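Let's take a friendly walk through this structure together. Please have the viewer open as you read.

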Amino acid sequence: MAGVLAERYKDHPALLIWHVSNEYSGYCYCERCAAGFREWLKARYSTLDHLNQAWNTRFWGHTFYDWDEIVPPNELSEEWGGNRTNFQGISLDYRRFMSDSLLDCYKLEYRAIKEKTPNIPVTTNLMGFYPELNYFEWAKSMDVVSWDNYPAIDTPVSFTAMTHDLMRGLKGGQPFMLMEQTPSQQNWQPYNSLKRPGVMRLWSYQAVARGADTVMFFQLRRSIGACEKFHGAVIEHVGHEHTRVFRETAELGRELQQLGDKLLDSRLDARVAIVYDWENRWAIELSSGPSIALNYVNEIHKYYDSLFRMNIQTDMIGVEENLDQYDIVIAPVLYMVKPGFAQKLERFVAAGGTFVTTFFSGIVNEKDLVTIGGYPGELRPLLGIWAEEIDALLPDQTNRIVMKQEIGALKGSYSCGILCDLIHAEGAEVLAEYGADFYKGMPALTRNRFGKGQAYYIASSPESAFVDALLANLCEEKGVTPLADAPAGVEVTRRSKDGSSFLFLLNHNAEEATVKVGPEYTQDLLTGQAVSGVITLAGRGVSILSN
Amino acid sequence: MAGVLAERYKDHPALLIWHVSNEYSGYCYCERCAAGFREWLKARYSTLDHLNQAWNTRFWGHTFYDWDEIVPPNELSEEWGGNRTNFQGISLDYRRFMSDSLLDCYKLEYRAIKEKTPNIPVTTNLMGFYPELNYFEWAKSMDVVSWDNYPAIDTPVSFTAMTHDLMRGLKGGQPFMLMEQTPSQQNWQPYNSLKRPGVMRLWSYQAVARGADTVMFFQLRRSIGACEKFHGAVIEHVGHEHTRVFRETAELGRELQQLGDKLLDSRLDARVAIVYDWENRWAIELSSGPSIALNYVNEIHKYYDSLFRMNIQTDMIGVEENLDQYDIVIAPVLYMVKPGFAQKLERFVAAGGTFVTTFFSGIVNEKDLVTIGGYPGELRPLLGIWAEEIDALLPDQTNRIVMKQEIGALKGSYSCGILCDLIHAEGAEVLAEYGADFYKGMPALTRNRFGKGQAYYIASSPESAFVDALLANLCEEKGVTPLADAPAGVEVTRRSKDGSSFLFLLNHNAEEATVKVGPEYTQDLLTGQAVSGVITLAGRGVSILSN
Amino acid sequence: MAGVLAERYKDHPALLIWHVSNEYSGYCYCERCAAGFREWLKARYSTLDHLNQAWNTRFWGHTFYDWDEIVPPNELSEEWGGNRTNFQGISLDYRRFMSDSLLDCYKLEYRAIKEKTPNIPVTTNLMGFYPELNYFEWAKSMDVVSWDNYPAIDTPVSFTAMTHDLMRGLKGGQPFMLMEQTPSQQNWQPYNSLKRPGVMRLWSYQAVARGADTVMFFQLRRSIGACEKFHGAVIEHVGHEHTRVFRETAELGRELQQLGDKLLDSRLDARVAIVYDWENRWAIELSSGPSIALNYVNEIHKYYDSLFRMNIQTDMIGVEENLDQYDIVIAPVLYMVKPGFAQKLERFVAAGGTFVTTFFSGIVNEKDLVTIGGYPGELRPLLGIWAEEIDALLPDQTNRIVMKQEIGALKGSYSCGILCDLIHAEGAEVLAEYGADFYKGMPALTRNRFGKGQAYYIASSPESAFVDALLANLCEEKGVTPLADAPAGVEVTRRSKDGSSFLFLLNHNAEEATVKVGPEYTQDLLTGQAVSGVITLAGRGVSILSN
């Protein structure tokens, strides 16, 4: 495959790059791409019978009788732009093929480097939630994960935090490298705002707080020509060091140098995990129906954001991760259930774990073929429900999730929308019902006791207040408590190693804030001063406390 | 031509499909398509002189000197996406060619089937107002019209009704087949709402009420893979019959079985007709100017909707239909006047008929060449007016149609917009004038007495209240009366055969409604019970009354 | 090059046209275009070393080692639609190449015509601010400038005026031809409004008032087919002369005939100039960052519009123009400073001139390579400032320009946005500061005394009220006074020759207006009547006064 790719690369490198970009609406029609795709498919399916079954080509009479009939999905075959496809199976496999092909290219380079310098770690710049590459697969071939962090001025800080946690999760919690960030501004965003004073430092420590062992920058000097000449740099076009940006960067360098290797290789400890899966995402994005309003990453972020605001440390994990280490596992919109994952979830819950999932889950297997016998398919025994129908709401429509009775923080009713599963409880307890429409009174939130644990199903996409209350309840039940008593806008994380704990306090507010911390934290690593109980942070200020 | 198409089909079937789709912005550049187009043109024009005249190629020095110089309109020749073209004549003929080519393919299949089973009717799924195929031409080669009805949750019910009437009109009122509808939801709409309880039954009877002799569904079972797996089915993915959707479908089946063949081949009787023409539509959509806001189908629907709300039965007809059977013929935006149609309209009016047309009518012939000598061209004698100029209004601009005196339901003034013809009465009576701008006081509504009848011209696109009042007046004059005294949201139609009349009452409201019907209706076919005078319909309820 | 172009033209003329159109998102991939581009580059750069330096191809490892590696920017090389490019230098040169190629084609035709008719002036239709052609270069090869003026109903009249002034500026003030305008309406605009009565005459005189020596129309007759058949004409489709449009056109013809050659070759005299440069525009539009909200032509128009509303006559000039004739030179967003232009500006100011420029100026040279050493680069000595950073504001963000003290019409504070330069005064006087954000208190308006003159820097994009006040101050200082005392909506210009002055008064209001003029104007050329001091203009009325 790498051979195919290297061959292709020779002639049209830009196409190679854009093939994997969702910003490019074009397709490739060349025979070499087709041949490479066919090789990959032969390795995966062995026979055309298997392939025809996997893609359900009986539909619309598309059975393939010869491998040479297969071409990549494009506007002369099965796709028509913007993730619209006639054959979800073909398009899904094509995305896997493209991710694998680029990965093969990376591996080729990896091996060439290792031959010469076997002891130097090899990595490549990842890009967070970049849609086109399955980074869980990539990470297996990287010595250390590294990534480029380019939030915009209006990116929620919890989204950046979630992305750091995902990058940390790629290799099971191993610290990562912050490979690129800008000291001041980007050039490729629509509106390239300057990082306000203190923000570069704050965001650098946010990376460290969530598992980075390096803080690096792109770029040292601004280039004088081509498309990144207005990308911020440590040394601006003026060419000297007497700039705000240089001073802030140099000051951060001094701080980090003074910190030494205290934090290196320390780990974050989380009892809550959120499941994120690229192939599930591709399948959801390729789905024709029920609603174009469904955005997998947004749904993931809604749950993450609740935990973030509570300062509950959370792991972002893939479906191959071991679940035993967690008390609570949340898998929003788990549309695709891969082989063995339902059983893994059952074991987790049976052993006492709490599992939360949502509408449009358990629908298909890894081939995007529906698990017949009633939604949520393989998850049905675990959840104790049957979803008979799935209603899609218009953009201005909402329904209500009405609590049958007050349960801890959950009380009254909450808005919901996008999709509404029409479910029947089959053993599960109904905690809330829909408040409107012809399915008023049908279950909207259920809890199923399964072994020693319980499994929750949220039948629609709720407002944040609902998620906040539900997760607060679940954490309380499990004794998962916030890392500190901090006001809104103050982010708290904890890294530990060798009996030392490092508590990071990050004040994203422009104003001063006060945090109450446990008595075990006795010194501030950045100031070197002793602390006790109450910490006052300047606007955009940072403290790293240790025991 | 079928040969050309079959030849093409072999290599790129998807392109064949998308060629005729307005959702696809691409073009074909292949030589075989060009050759097929040329063959079709030779058959139509015989000589290049005729072709050059038809396309007015003197403009911009585009005269063709050799057939091989002709290629399909694309971005290397004369089109540039979104119906934008340099040569309306070429683009118009290309649309005719594509409709004819697919029709030839259909005919090929038709003949192959007829050879084996000469006595079985042959049809193909039409799609209502689908823009790219001239269904009036297609219907000539179909034994029975059939179509796929997929309204969205927010499609006006009068639009669905209009589409049924158009499908019925394709073969002069002959009953048609409802070939496809979903029992629950689509998958390809942006937001695939469930059909609320009762709606599938209500919409099924709406089809019957307007001429369907079958009620069929796509699909029996949901497929497990590919792009229509979330399209509703009688049997859902759960695989059994214990679902709302199955129960509603089975119940409808029982009702229809009990109805037997009572309604089969009964006809609707209309004294009002609205003219719709695909080639006129193509020409309007291809026109460069006067306004991108002009939407032919919307203008058609505005007039249909008024009649629908009055429960005045209306035929949707093509320009080849015999007009003698009607009292009132309405042809909104009759931009293209085909050979003989003006004369047919004159005969119709001279014999006592009432004709209504609007702004931007009578402009061109079937080649999209302007009829010089003053708008509305061939319609000028019939209408007794001259349109000197055509003003296009900005989206937020309106003018007023001010009645010179109260005429029945027409009184005061009405809003209008999009285009304003600046007309002079040349024998016509001026009933209303513009209320604003430099053409304030010029005619906005005229009536011309012609033989025993009269011809109306509406010089701008009016608000619905104007159309309601005008059509109420005209129907009253002609003694065309509503089928029943029904409240808003209740649709009424009548089918008849062999001395029997079947009155359909369809309550589109979620609430109960009461309708007064004539004494001739004595029984309810669905309940089998006797009725008299006043009928109460449940929310989304249906009654079929007969004498 | 012309050979290359003629060669290309033979096969795909439409592509030739659309290559240079910003409405077309496609690219050319053919070898002949690539070969032509390479020839042009060889002539410009001689060696690949020079080319690699000019394009800064070290960035992203794009060094070219063979001329044949170079292809035009397209989606397989360096561009990706909508002015987005990886290499600004390549894309900028490609725009130069395309402008030059079409110009070569024009020159070929020019020479062919001149061979036969050496004494007849040759021109070609220009199109105002058309983005893709560098008309300052074209004008050098035209005997007389001519252009097509097609404002929409909602085009600001000051924008039309600015465009006339730009066309006049192409050949240093030489009168131009109004080659095309419509007598009534266009066909290719979204909403093709009719020119209201009097507007065609008013806009015709506006052209004359700003330097046109001809008033011509497209078209005499409306064609009967193809894409311009709904473009207005002197003779409408009705085919006779009894139309409003014909009458207005004929009446204008009579007026112009009666004026004789009185105005021919008279000149406009301006003491204020605004610099506009196509290559600067291309470079700004191609820039990746800092903000997509920056629109060069809009910024130019903001300054022009202020002067227009004051009836201060202004020249639109290129960077090759002699500046000695002006008191005030304004160069908004002078991002690209071409060789020698900074020195020309320094000489102009040193000799007593007033220079005004803005944020995002002095950044690059003619190759789009940054002038290192601190913004505004070559303009830094003249302006006495250093711009350390450039902040981009979100669309709903603004800052304030706060005057440090009242200066003439400048008082209080003003809104600003888009970009905010963070500048330091290095000799310049700070007249206003930012009112918000972390750069509150940094300079927002500076004045640098340089020799006998002064140079102003406006660090952000201000609201019009600020521009009005600043320019009013500068004009007052220089004794540049309005041509007349006219109310809002009345445009005033003056042409002169041989001791005669012609004062044009153009009332763009629908209502009557009164203007006070100097005692030197004693007669109205259109009415032939004597005038004195106060002139009353009808709505949309025009007067041409002379001494």
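The paragraphs below go from the arrangement of the chains to one interface, and then to an annotated domain.

Keep in mind that this is a predicted model. In general, two copies of a chain are related by a rotation about an axis and a shift along it.

Now turn to the place where chain C meets chain A. On the chain C side, 43 residues are in contact with 33 residues of chain A. Together the two chains bury about 3200 Å² between them, and carbon and sulfur atoms give 60% of that area.

What holds charged partners across this interface? The rule finds four salt bridges between chain C and chain A. One of them joins the side chains of A:Lys229 and C:Asp368, with an N to O distance of 2.6 Å. Counting residue pairs in polar contact, with both residues at pLDDT 80 or more, gives 18 between chain C and chain A.

Which element of chain C gives the largest share of the side that touches chain A? That is strand 10 of chain C (residues 385–392), which supplies six residues. By residue class, this side of chain C divides into 25 nonpolar, eleven polar and seven charged residues.

Finally, have a look at residues 489–547 of chain A, which UniProt lists in an unreviewed entry as "domain: Beta-galactosidase C-terminal". This span is 53% strand and 0% helix, and its end C-alpha atoms lie 24 Å apart.

Terms used:
Residues numbered from 1 in each chain as written. Chains lettered and ligands numbered in written order. Predicted model: local features only at pLDDT ≥ 70, side-chain atom pairs only at ≥ 80, totals over all residues. Heavy atoms only, no water. Contact = heavy atoms within 4.5 Å. Buried area = accessible area lost by both parts, 1.4 Å probe. Polar contact = N/O pair within 3.5 Å; in protein donor to acceptor, adjacent residues only side chain to side chain. Helix = DSSP H or I, 4+ residues; strand = E, 2+ residues; numbered from the N terminus. Nonpolar A, V, L, I, M, F, W, Y, C, P; charged D, E, K, R; others polar. UniProt positions renumbered as here; feature names shortened; annotations may be inferred.
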